[in-house]
Amino acid sequence: MPASTARPNRLRRTGQILAVILLAGGLFFALGEVLARSLNLVDRLNGFPRQLYETTDDDALPYVLHASLDTTARGERVIIDENRMRVSGTEAAKPNARRILVLGDSVAFGYRLPFDATLGAKLETEMETRSGKPHHVLNAGVEGYNTQNQLAWLRTYGLAFEPDAVVVVFNLNDYDYGPVMGPNGVLTTNRSERVSTWSLANLSDFYVLLRWLAKLGSSRLLAPAPEPSEAPVEDEQGFLKFDRFISILRKRYYEKPDDERWEQMVEALGGLRDETAGRDIPLLIAILPDGDQIGVSEPNLIPQERLAQICDQERLDCLDLRPLFDAHADERPLFLDIMHPNAKGHTIVAGAVADRLAGAPE
């Protein structure tokens with residue numbers, strides 16, 4: 001064969017081989033994506049409900065819930081509607097219902113609880129029982145959100161629903177930095193690892209699955225032989241000692257705030273006030289206690305004292321829920337862990353919030 005024709009033939013064959021490789025790689029990735037999504041492999045592998053979250057490019061609102069999703073998170077069915085809010089999936093139409101928008105973090109969302117056991121579902125029932133009128137509670141809680149994120153969600157999504165009242169479920173860690181979506185498809189507090197909306201970590205479950213498999217593979221190769229597992233260490237109140245340690249750190253921060261997080265929290269609370277007051281929407285800040293503040297003789301109440309000062313200075317209607325939880329101390333457990341009330345705790349919150357809202361203007 002002349003040299004003049006051999007080279008084009010080699011180039012053609014090389015091109016064909018590359019095309020086959022690319023096609024095979026594309027099919028492999030496409031089938032892997034379908035399999036990873038249909039079997040929810042990422043969440044099963046790392047124990048984190050990744051499918052719930054979608055990253056954004058908004059600094060104040062770094063991630064939101066995936067719209068129109070029906071999945072399982074931490075053993076409970078979770079349905080997210082087209083408006084990025086958790087719902088029961090069996091909502092009935094309620095013409096002329098009074099709309100109450102609930103903002104918050106994992107507590108408002110209903111961490112490790114079925115929908116019917118969450119604050120939002122219970123509050124809807126409590127309000128209808130008290131008023132005899134239809135109510136619709138919109139659950140806008142998102143795990144990990146701080147007060148700044150809640151304000152951004154209200155501005156971006158919440159006000160469009162024209163709520164008749166807004167309830168902010170304030171956790172004692174809501175001053176802290178809000179997490180972002182990282183390259184491993186899970187939330188992280190390391191903001192330098194934040195991925196964009198165009199990142200494969202945001203778009204592809206299969207890509208994240210491959211990252212986790214590689215991570216687990218290398219860690220297992222390098223790790224020593226595992227020791228026999230031991231039960232988590234709990235303290236005298238039944239809380240994990242690690243959770244107790246984190247709770248102590250939170251209270252120390254309230255004693256002497258030493259960075260910009262405090263001012264950012266106060267500014268965000270003021271923003272919530274301004275956004276609602278400007279539209280004549282009643283706003284209630286419901287302040288949750290930590291579990292280690294309940295049923296003890298000398299609880300550290302510095303967080304509640306500092307927050308009461310802010311509520312007074314910023315002209316906020318605040319509801320300190322600790323005394324009510326303490327009144328039910330003999331009914332413990334009221335918490336899943338040191339920060340998250342259980343179903344009984346959500347019932348307590350719903351009743352207290354309903355009592356306060358019952359006097360709000362229609």
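**Stop 1: a buried charged pair**

Select K251 and D290: both are buried, that is, under 20% relative accessible area, where over 50% is exposed and anything in between is partly exposed (1.4 Å probe, protein chains only). Before we go on, a word on what you're looking at: this is a predicted model, in which local features need pLDDT of at least 70 and side-chain atom pairs count only at pLDDT 80 or more, while totals for chains, interfaces and linings use all residues. Residues are numbered from 1 along each chain as its sequence is written, and side-chain values use heavy atoms, with hydrogens and water left out.

Now look at how the two meet. K251 forms a salt bridge with D290, with the closest N and O atoms 2.8 Å apart; the term means a side-chain nitrogen of Lys or Arg within 4 Å of a carboxyl oxygen of Asp or Glu. This pair links distant parts of the chain, 39 residues apart: K251 is in helix 8, and D290 is in the loop between strand 11 and helix 10. (Helices, H or I with at least four residues, and strands, E with at least two, are DSSP runs numbered from the N terminus.)

How many salt bridges does the structure hold? There are 20.

**Stop 2: strand 11**

Next, select residues 283-287, which make up strand 11; five of its five residues are buried. L283, I285 and I287 point one way, and L284 and A286 the other way. Which strands pair with strand 11? Strand 8 does, in the parallel sense over five bridges, and so does strand 12 (residues 318-320), also parallel, over three bridges. Strands pair if DSSP finds at least two bridges between them.

**Stop 3: the rings**

Time for aromatics. Rings of Phe, Tyr and Trp (its six-membered ring) pair if their centres lie within 6.5 Å; planes under 30 degrees apart are stacked, over 60 edge-to-face, and the rest tilted. By this rule there are eight aromatic pairs. One of them is Y53 with Y63, edge-to-face at 5.5 Å centre to centre and 85° between the planes. Y53 sits in strand 1 (residues 53-58) and Y63 in strand 2 (residues 61-65), ten residues apart. Both tyrosines, Y53 and Y63, are buried.

Now jump to Y175 and Y253: their ring centres are 4.4 Å apart and their planes at 10°, so this pair is stacked. Y175 lies in the loop between strand 8 (165-170) and strand 9 (180-181) and Y253 in helix 8 (residues 241-255), so the pair ties together parts 78 residues apart in sequence.

Finish with R261, which lies over the face of Y253, 4.4 Å from the ring centre. A charge counts as over a ring if NZ of Lys or CZ of Arg is within 6 Å of the ring centre and within 35 degrees of the ring normal.
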